[in-house]
Structure formats: structure tokens, C-alpha cells
Amino acid sequence: TILWNLLSSPFGGTIYPVNNNPRNPHKSIFGIKSYQRMQEIPEQDPIDLAIIAVPARVVKSVMQDCVEVGVKGAIIISAGFKETGEEGAKLEKEILDIARRGHIRVVGPNCLGVMNPIGGLNATFATHIAKPGNVAFISQSGAMCTSILDWSLQANVGFSSFVSIGSMADINWGDIIYYLGDDPKTKAIAIYMETIGDARSFMSAASEVAFTKPIIVIKPGRTEQAAAAAASHTGSLAGSDDVLDAAFKRCGVLRVNKIREVFEIVELLGKQPLPRGNSLAVVTNAGGPGVISTDALIGSGGQLACLGDDTMAKLNDLLPSHWSHSNPIDILGDATPDTYARSVELAAMDPACHGVLVILTPQSMTDPSKTARGIAEVAKKVGGAKPILASWMGGQGVTEGREILDEAGVVTYDYPDSAAEMFTYMWKYSLNISHLYETPRWCAEMRPDQAVDVIIANAQSEGRTILTELESKQILSAYSIPTVQTVLAMTAEEAVSAAESMVLPTERVVLKLNSTSITHKSDVGGVKLNLSGPEQVRNAFLEMEESVCKRFGKDAFLGVTVQPMVNMKNAYELIVGASPDSQFGPVMLFGSGGILCEVFKDKSLALPPLNSNLAHIMMEDTKIYRALEGIRGNDSIDMTALEKLLVNFSHLIMEKWQFIREIDINPLLASSEGLLALDARVILHDSTHMDVDGEMSHIVRPAIRPYPTEFEQHWETKKGKVVLIRAIMPEDEPLIVDFHKRISEESVYTRFFNNIQYKERVNHNRLIRVCHVDYDRDIALVVLDGDKLKDDNKKIIAAGRLTKRHGVPVAEFSMLVADAYQGQGLGEKLLRELVERGRAEGLDAIEAIVLPTNKTMLHVSKKVGFQCVYDMDEGVVKTIMNLREKHNSSGPADLQHRRFTSLQF
């Protein structure tokens, strides 16, 4: 079938059938000469792609043949690998090792194959090739691919690419998303996902591509049963569905629930502008559909727009007296086309309205076609400022009206609830995109003392994974998280003494169990509250000691901690915590706390690290947020302080993720008086499970790479000026704007190869991509004219960047030094730093293109060790440095065939 598909849809290449079955040799297949091994194919014809459809046990030898003949890529159709169990996983790893040694990229195994409908390639065993279009579809499920394909042929939907990615042994979501992001024929990406695979790769690729191309995902597995089915299908862990939602929000991906919604939202995003809010105005000629659309809107996360007095007055003048006088705007069944158009225009012009849904039901006085023409005119007047959606309900009688609206770019739906849900999806996508470049900055000023490392090291040396409450609070304090005063007491008399020194006899105290084996103290009687005198304190200590020792042994009781009984007026109990996800690594939790936190389940999840904006978004996603703002006469808590606490907590997680498995603060008291961590719990990873390199390989790394503090250093220029070199931050955008003021036209031309005007260089949309860096993707350094990280008068005087190319371990460098600071060694220092960073990242090579007139840059490049070759055809100098010893023999001729892309700064 695969061979027939390749022949039936010409793609401009040559096909070589290979049949390695000795019991069924064929000299030709479909009239094409067949070979028993790839080595028999004429050497003058290099092989670009091998499509492997043989039994799983044979794939290994076929892949070895691919390496021998220099195949560049392979699609493994065959199944029978990790989805079958341990033996299959072992075989898959062996095949992947062979592919990597031969530098072969692999799609699959266990996949349908790959289609490029625009180019004509059909390397699948599907019955037909998809129609050409501008949407790429990727799926882990081959059956889902064939189902979508059959539907698309009937619905006349086309694709730019149609990829069955299988179990992703090599090429993963990130690789495919990067590829499609670079593909000019792809305008949107639709994904059917069962497992995430390499979470960091996906997050990096999605956050870059989603800014310019919508990525729509349908991810089954919301229920435990569905997740288990997905895991058995792919042989991979499914991970938490709530965590996946948090990850999609963070990287700008829109998740939908139904297959049809994938293509509906792609069409809608292609025709209508994104809403700036989630408030929708509904204009309808019947009450029932308005109610249905309202239910769907509210249920999916949107809200009805609260129309202003001016809009209401104009609607009163326009409409009959018995119209609904509210939103939904029921203009009644006898509404004329002009009434429809004017009502929609008034709603669209209201500042509180972020979009309009127009519903038409066919009634005796309704003209669906003429009404559609009027709405189309209104859509032109609105001028793309707000989305307008329509639901022309009915059958043949409204068909012409739908066609008129579709031609005008107003997407129509059979049912109003579908339209309302699509509006909410648009809003969620808009919200996700607005958060895309909220890149977290790991607090470089925060340098917790070594006490944290000592506490962890001591616990590990004792073979402990559970820290005591006192140790846990000491760690929190190191990250500027306020904790209640806590004193350790090993005897009853020590407890009395500690209590008296704190608050007794005027106030009350609390005794809490100090243990390295019991984490939930309340469950075992390990918390004694409201103790008001020495005798109560003494008796509480003795009772707790007796109870714990009797139930769990003497080793479980290590004294108590004595704390003042805190009575913060009108305080709310919150929980802040973190635990590892099987795919995304550490995940933060925030929500309502106390002993009923697991009952109410009012929580929000986020991937660390956070900045203040991301922390605030996390807070807003909980029900208790409204109370924290202040209700029923209570003052608002200090929201800024809570944001800072969450940010600091995220720094703690990112800095100690290799050691800390679980951590929570419960309760965290929050009131207008302040914040206070009453209780804390920290559980460490088991340090006995280390590999030969001393690393705990079973620990999943964070899905987002934090701000690299290790890049920071001070350096002295040739003129003796001390400067600070560090990674770029999102907060640097104003400094980059100022930096470009001090760049001469000559420097601009030698850097950008043309005279880009200042306004274009400092355009916000451009600087977003410059300053908001995914540290796993790019390495961007700036040089500041001072030795302080925080200085209101600091300015950037130089910048350099390594931009990794997609799919290969190669990066391009770019640099720019302010004119007043040139000739001080900054360029050479920056380039050497970029080379070292590239080597640490495992790159094979660093390259760039330089104008021949840029003598300084060429001199610096050669001094650092780059090879430089003049390209006569393009009139530029191409430079390269091979970073791996085995590649050092590569000569300058290697440069002639490299493709270079435009760079930042």
C-alpha cells in the first residue's frame, strides 16, 4: 500500500523498493526494480528517506543498513516496540542508538506515516492523500489520522502536512512544531496528543511558534480510565491532566475537547480578530437560543457583556418596547434586516463588549439572506476590532445567508451554543498568547545562605527523606518566606521554658510533634493548641510523647516545637506547595488551605519559575481570590506580598528541585496584617537511588529552564572599567531601547546588513522576541556598565546571542557593541563567552555571516578561533567554529553548504 501511494501521488523523487525477505524475492514491484538490500542501490543516488515497514525484529538490521548507505531520515511504520512491554522498549532503544550513531532522524515507530499534500508525498498506508491546505495535522494515533483524513476529504478541508508521529522514539512534538513553525505554507497547527514526551522540548517549541501560528490541541485522558488507555496505547506515562492544562496555558497552546472544535477554531482564528476580553453580546430574534448560548458561554468560561447606559438608551430608541432590555439582546421575531444590523453595530461599539454573537431563527418575517448582508456590512464597519460570530439556525432556507456571511469572513454555526463556546476558546487563546512572553526571571539577587544546603546534606547523611518542621521552616526563611517563631524542645521542662520566654502567661502557645518519620502531625495527635500555662504545656508534652512512642516507637518522637498561638484577625488559610509530575517535573499548587483543603479542592497549578505576573494569574484562578481582595467589610490582603511569596517559593523549587520531592506550607495565614507560614513540610528525594555519576536519574527536570544565574560575572575592560555580564531578562526591554539610541548608522549596517531605522529596531513586538528568552533555546548575554545587578542608572553597552538552529546541534552568533565602548575588548569577551556557553550546551558548531567591510568583527572571530571563508556569490564572509574534537578536521569548505538565518539584536 505504501509503495502504491508513493507511485499514485508523484512527489518529484525516485523510489527504490527494497524487499529483504529471502523467501519471497521479487526482482520488481509494480514494474520498478527491487533490491534485497539498500547497499545494492546505485551509489550515485543518495537516499533521503527510508520508509520501514517490516516486522519489529527486523527493523534493527534495516536501520544498520540505513547508516551504512548514509540515509538522512527514516519513517518506521512497524509496531511492536515499547508499547508491547520491556522487551519492545529495549529493542526500540537499540534501534534509536543505531540511528543516532548514523545521524538519522526517525519518525515513529508505530505510526501511519507522513504526508505532504502540497508536495505530493504520501508516505503512509492510508487509502488517499489529503487535499492541500494551510493547516498541519499531527497525531500520535494512526487510526485518528485515517478518520480525520476521511472526514477532511468529504468536508473539503486541506492540509499543509499530515503527520502520524507514533510513539516518538526520536522526533518529538518539539521537533515537529519547530519544523512547521518554519514552514511558510503552514498557517496553523492542529494536534491530537496522547502523551507529551519531552516536556521541555514541547514547551520551548510551542512558546516560540504559538506567537505567530495557532497551536490547537485535543488531548484525551481527562478521566483516569482514558489516561490509562492512552498510556497503554503509546507505552508512555500520561501525567496529570490538570498539570497539562497549566502547561498549555503557559506556552500559548489552546486545548479543545472535541475533534470538530479543532478545525472550527482554526477557521475562526483565521477569519476574525482575537477578543480583548471574555464579555460577549448576544443579539437574537428568539429567547430560547439566547438562553442556550448564555449557558454555553458561562459554562466555558466567558461572560455576558454588561452593556453601558448609552448603548441601552440607543437600543431602547431602536427596538420595540417589549424587547429584552438586557443582554442577550432579544430583538423579537419580527426584526427586520436593518434592525438586526443596527443592533449588532450598537453592541459591537459598546466598550464593555469584546465580541458579538448574532443568532437568527427562521420565522415568517425573517429574511436570512438580507439580514446576512447587513451583518456583513457591520463586520466591515467594525474593521476587525472585535470578533463577530453567527448562528443561522435552520436548514435549506438559511443556506444562502450562511454563504454570504462566510464570504464576508463571519464564521457561522448551526447551533448558538457551539458559537458561544468558540468565542470563549478565542478568548482563552488570546489570554494564553498574552502570557506567552511573561518569561520568568529567576531572582538573581536572591542568594540563600548555605544553611539550606547544610540542612539537606545532614538529612541525606542520616538517610532521612523527611525534614522536621523546624528544618522546613528554616528553609522557607532562607527564601524570605515569613514563618512563625519556632523553638525546639526535647523535654517537657524545655517546652515550658520556651513557652514562658515567648508569650506565657499573657498569651497562649502551640506544641507540635517534631519527627523525621511522621509528616501529618494532626492525624496522630501531634498538635496541641491553646495551651495557656506551664502545667498545660508540660502535660501536653507528656501526653504527646506517650501517645506517639506507644504507636510508632521512640524513634518517631524527637521532641516538640513550641510556637506562639497566632491570632491574625480575619485571616484566611491558604496552601502553597509543590510536587513532581511524571512528565513536567516540579509543579506548584496554590489555593484554599487548612485541614479541609483536600475537601474543597480550590486550587491552581503552575509550572515554576514564576514572576509577579504569573504569580498573580495563579492566584486569580482560585475561588478564594475574591475573598483575598476583600469582601464583607474585610480589607484586602497585601496582594503584592503574596505575589512575592509565590515567586520566592518558585525560586526555592527551581534551585533545589534535584533534592526536594514535595514541599508545602499549610496553612499559610493571609490577612491585611500580613502573611505567616504556620506549618511547613518538606520531603526529599531518596538519595540512595543515585546513578554512577552521582545523579538521581529518576528525577524529572523542570519543564521550563530558569534564568541562568551561572552566566553572571564581573569583568574589567581594557580601560579598567568593571562591567557586569549576565543573561538578558524581560525587564531589559527599556534598556535595549536606550541601547539602540547609542548605536551609529555604520554599526547598524554592519550588524543588520542594511540601515534599519531606530523605530523599527525598538518596535515592541520585535523586542519581545529579543528580551523574552527561552533559556533552553537561546543564549543571550548583555553587558552592563556597572557591577550591580540592580541599579536605576545602569545601561546596556553590548549584547550577544547564540540562536540554536532547529533540529541540529548548531547555533548562529550575533553581537553588537555600543560605539562609545568599542575597542575595549568587549566583543572578544562576549564571543568567547558565547563559545563557552555553546560548548556547555553540547553544540557541534557555532557560525555566522559577516560583511567583508566589518574588519573588526572578522579580526575578533579569527582571534577567538573561527574559520572565515569569503562567499563570492553572496558577497559575505561565512565563519564557523567546530566545537567537537572529532569535527576539528572539517575545513572551510564545509561553510559553502550551510544555510544561515537572520538573528536578533
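Cysteine 868, at 25%, counts as partly exposed.

A word on the source. This is a predicted model, where local features need pLDDT of at least 70 and side-chain atom pairs count only at pLDDT 80 or more, while totals for chains, interfaces and linings use all residues. Residues are numbered from 1 along each chain as its sequence is written, and side-chain values use heavy atoms, with hydrogens and water left out.

Next, confidence. The pLDDT, the predictor's confidence in each residue from 0 to 100, averages 88 over the protein, and 91% of the residues score at least 70. Over residues 230-239 the value is below 50, and this stretch has 26 contacts in the model beyond near neighbours in sequence; contact means heavy atoms within 4.5 Å.

Now the sheet. Helices (H or I, at least four residues) and strands (E, at least two) are DSSP runs, numbered from the N terminus. Seven strands form an open sheet with mixed pairing, in the order β7-β6-β9-β8-β10-β11-β12; two strands pair if DSSP finds at least two bridges between them. The edges are β7 (121-124) and β12 (254-256), each with a single partner strand, so one side of each has no neighbour in the sheet. Inside the sheet, β10 (188-192) pairs with β11 (215-218) in the parallel sense over four bridges. Isoleucine 191 is opposite valine 217 in β11. Helix α15 (416-435) lies across β11 and β12, at about 155° to β12; axes are lines fitted to C-alpha atoms, for helices over the stretch in contact, and angles run from 0 to 180 degrees between N-to-C directions.

Last, arginine 464. Where is this residue placed? In the loop between α16 (451-461) and α17 (469-478). Arginine 464 counts as buried, at 12% relative accessibility. Its side chain makes a 3.0 Å polar contact with the side chain of glutamate 471. A polar contact is a pair of N or O atoms within 3.5 Å; within protein, one must be able to donate a hydrogen and the other to accept it, and residues adjacent in sequence count only if both atoms are side-chain atoms.

Notes
Buried < 20%, exposed > 50% of the residue type's maximum accessible area, 1.4 Å probe, protein only.
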